[in-house]
Amino acid sequence: MTAGLQIWNASGQLMLDATQRIGRIKGSQHLDGNGGHVDMDLSDGAPFWSFQPDFLFKHINGNSPVPVVSISSTGIVWTYSSPPTGDYLYPITGYLFWGCY
Amino acid sequence: MTAGFQAFTDTGVVQIDGATPNYQLVASLVQVTQLESVPTVFNNVGTQFSATLWHTTFTFNAARPFYAFRADGGVMATPWKFSKSQTGNTFTAEFISVGQATIRLYVFDQVPVTSNRFGLQVFDASGALIADAANPFARVLDVIEGQYQPGLGWQAVGNSVPGPNTQSKSYSVPVGFGGALAAHYFVNTSPFILSAFGANGGSISWEFHQYIGNNSGTFVGFAEATRYRFMVLDMTGIN
């Protein structure tokens, strides 16, 4: 590297230098099964998101849509597909994280 | 910002911006999966079904954790469930694996104020610690995503269930899986097909693994449930 921050651990191993990209949390929200969005400036790096589901399986009919997430430099949007029936509907809930790296 | 600390990569990408919390390692846990009965789905009259799978449940305390994992020796594993207690900050993370596996769970979170007596600490304008050189950072090498069953929405006719579609990739450093979301598919009590992720040093592989049953039959379900996504993290120096 030509310039920048370097960090070593107690045993002298390089843990961070200017060739490495690290994640920064810009926001998080618990998704409850409804669509939504957050407008935010995510232009200082590559935007990323991560969804950590509370569950994958619930009712045997499989009526559990997952959030469909899209992210850009101006914010994050999530939607759930329309279910085939309203019976035993359990959208997959969980924490959505987003940020830049 | 008018004051504070910022760090950038060689290519000008922000590493530490002086305002946003960085993901940093706050705990690492190791457990071995055991063959046990795991609840799967329930029916209209409340009968709970289960499956016998290699499984383990991690429990830990955190604020807003972001997890990464790796199973020893390239055994493929799948994040099954990730939940927070109704009260407090106790979280559980459940994993299944295709065979018995030693699973290492790495918990990244906003860094707690520690009694570290060395290194660099960065605080935001309100005095919150946002980066601490004494904790390993989540170093992102790659983001990989895909979808086994194309399309969006409920599908019930005309499509077959996707096969394993095993893929692999290699990196020059040891890696782990960060924030992995598993593709998943089931019908009744068989099959159960989920993303499985294997890492051995810097080599990773992933597939739509047939944990129970197989992919014969017609696809019935939400196509987007077969979408998977994970970040590849540099695990150098993180045990």
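Residues are classed as buried under 20% relative accessible area, as exposed over 50%, and as partly exposed in between. This classification is applied below to a predicted model, in which E145(B), at 41% relative accessibility, counts as partly exposed. The side chain of E145(B) meets that of R227(B) in a salt bridge, with an N to O distance of 2.9 Å. Because E145(B) lies in strand β12 of chain B and R227(B) in strand β20 (residues 227-234), the pair ties together parts that are 82 residues apart in sequence. R227(B) is likewise partly exposed, at 23% relative accessibility.

A search of the whole structure finds 6 salt bridges over all chains. In chain B, another of these is formed by the side chains of R104(B) and D72(B), at 2.7 Å from N to O. R104(B) belongs to strand β9 (residues 102-109) of chain B, whereas D72(B) is placed in the loop between β6 (66-71) and β7 (77-84), so parts 32 residues apart in sequence are tied together. Both partners are partly exposed, with relative accessible areas of 24% for R104(B) and 30% for D72(B).

In chain A, D44(A) forms a salt bridge with K26(A), and the closest N and O atoms are 3.3 Å apart. D44(A) is located in the loop between β5 (36-39) and β6 of chain A and K26(A) in strand β4; the pair therefore ties together parts separated by 18 residues in sequence. D44(A) and K26(A) are also linked with R24(A) in a network of salt bridges.

Chain B contains 0 helices and 20 strands, and buried residues make up 53% of its 239 residues. Of the contacts in chain B with a separation of 6 or more, 70% are accounted for by residues 24 or more positions apart.

Between the chains, 54 residues of chain A are in contact with 61 residues of chain B. The two chains bury about 5,200 Å² between them, 63% of it on carbon and sulfur atoms. I25(A), F57(A) and I60(A) supply 15% of the area that chain A buries against chain B, more than any other three residues. Across this interface, 0 salt bridges are found, while 12 residue pairs are in polar contact. Strand β6(A) gives the most to the side of chain A that touches chain B, with 6 residues. By class, that side has 30 nonpolar, 17 polar and 7 charged residues.

Technical notes. Residues numbered from 1 in each chain as written. Chains lettered and ligands numbered in written order. Predicted model: local features only at pLDDT ≥ 70, side-chain atom pairs only at ≥ 80, totals over all residues. Heavy atoms only, no water. Contact = heavy atoms within 4.5 Å. Buried area = accessible area lost by both parts, 1.4 Å probe. Salt bridge = Lys/Arg side-chain N within 4 Å of Asp/Glu carboxyl O. Polar contact = N/O pair within 3.5 Å; in protein donor to acceptor, adjacent residues only side chain to side chain. Helix = DSSP H or I, 4+ residues; strand = E, 2+ residues; numbered from the N terminus. Nonpolar A, V, L, I, M, F, W, Y, C, P; charged D, E, K, R; others polar. Buried < 20%, exposed > 50% of the residue type's maximum accessible area, 1.4 Å probe, protein only.
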